[in-house]
Amino acid sequence: MNPNDLIMAARDAARYASAPYSQFPVGAAVQASDGAVYQGCNIESTSYGLTICAERVALFSTIAAGQRPQQIAVTCLKGDPNQPDSLMPCGACRQVMLDQMGPEAAVHVDGVGEFTVAELMPRGFRLP
Ligand code: THU
């Protein structure tokens with residue numbers, strides 16, 4: 001799949017972000033092994049620590065549908081939708097990307113560029 005299409009799907013998902021505390025709407029989109037796209041947005045909680053990032057929502061939706069995530073796009077639409085704020089995935093999401101996609105998978109960060117999981121998570125934890 002064209003990375004740009006995946007970024008567009010991430011932008012679409014950011015519209016559903018529930019981010020009343022941070023006002024920081026994030027969207028993610030995963031291309032899965034069946035070719036389908038699974039979207040995610042960040043969802044914040046009144047108990048702040050229960051907040052979950054857009055990337056993990058998209059990755060977990062993919063897993064829960066019985067598919068394997070192959071690549072992911074992420075965006076933040078805080079300002080102008082045509083000028084995405086740069087956002088790099090947090091450490092927790094990088095670990096889950098490594099767990100679920102492996103080190104070679106592509107991570108497309110809207111307005112920033114394309115990385116492998118290994119570039120974002122060098123020497124990351126994996127079970128021996
Ligand atoms: N957030 C994400 O959804 N993905 C990231 O990679 C970093 C942060 C969310 C969590 C929280 O709802 C808001 O952005 C501000 O941290």
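The model is predicted.

**Helix 2 and helix 3**

Helix 2 spans residues 54-64, and helix 3 spans residues 91-101. The two pack at an angle of about 25°. Their axes lie 10 Å apart. Angles under 35 degrees count as roughly parallel, so helix 2 is roughly parallel to helix 3. Their crossing is left-handed.

Which residues of helix 2 meet helix 3? They are Glu55, Arg56, Leu59, Phe60 and Ile63. On the helix 3 side, the partners are Ala92, Cys93, Val96, Met97, Gln100 and Met101. By class, this contact has eight nonpolar, one polar and two charged residues.

**The buried side of helix 2**

Buried residues in helix 2 are Ala54, Glu55, Arg56, Val57, Ala58, Leu59 and Thr62. They pack against helix 3 and against strand 1 (26-32), strand 2 (37-41) and strand 3 (69-76). Just after helix 2, Gly66 takes a positive phi of about 80°.

**The aromatic pair**

A search of the whole structure finds one aromatic pair. Tyr21 and Tyr48 form it, edge-to-face. Their centres are 5.2 Å apart, with 65° between the planes. The pair links distant parts of the chain, 27 residues apart. Tyr21 sits in the loop between helix 1 (3-14) and strand 1. Tyr48 sits in the loop between strand 2 and helix 2.

How accessible is each ring's residue? The table lists what was computed.

| Residue | Relative accessible area | Class |
|---|---|---|
| Tyr21 | 43% | partly exposed |
| Tyr48 | 58% | exposed |

Definitions and conventions. Residues numbered from 1 in each chain as written. Predicted model: local features only at pLDDT ≥ 70, side-chain atom pairs only at ≥ 80, totals over all residues. Heavy atoms only, no water. Axes fitted to C-alpha atoms, helices over the stretch in contact; angles between N-to-C directions. Helix = DSSP H or I, 4+ residues; strand = E, 2+ residues; numbered from the N terminus. Parallel < 35°, antiparallel > 145°, perpendicular 65-115°, else oblique. Left-handed = near helix turned anticlockwise from the far one by under 90°. Contact = heavy atoms within 4.5 Å. Nonpolar A, V, L, I, M, F, W, Y, C, P; charged D, E, K, R; others polar. Buried < 20%, exposed > 50% of the residue type's maximum accessible area, 1.4 Å probe, protein only. Phe/Tyr/Trp six-rings, centres within 6.5 Å; stacked < 30°, edge-to-face > 60°.
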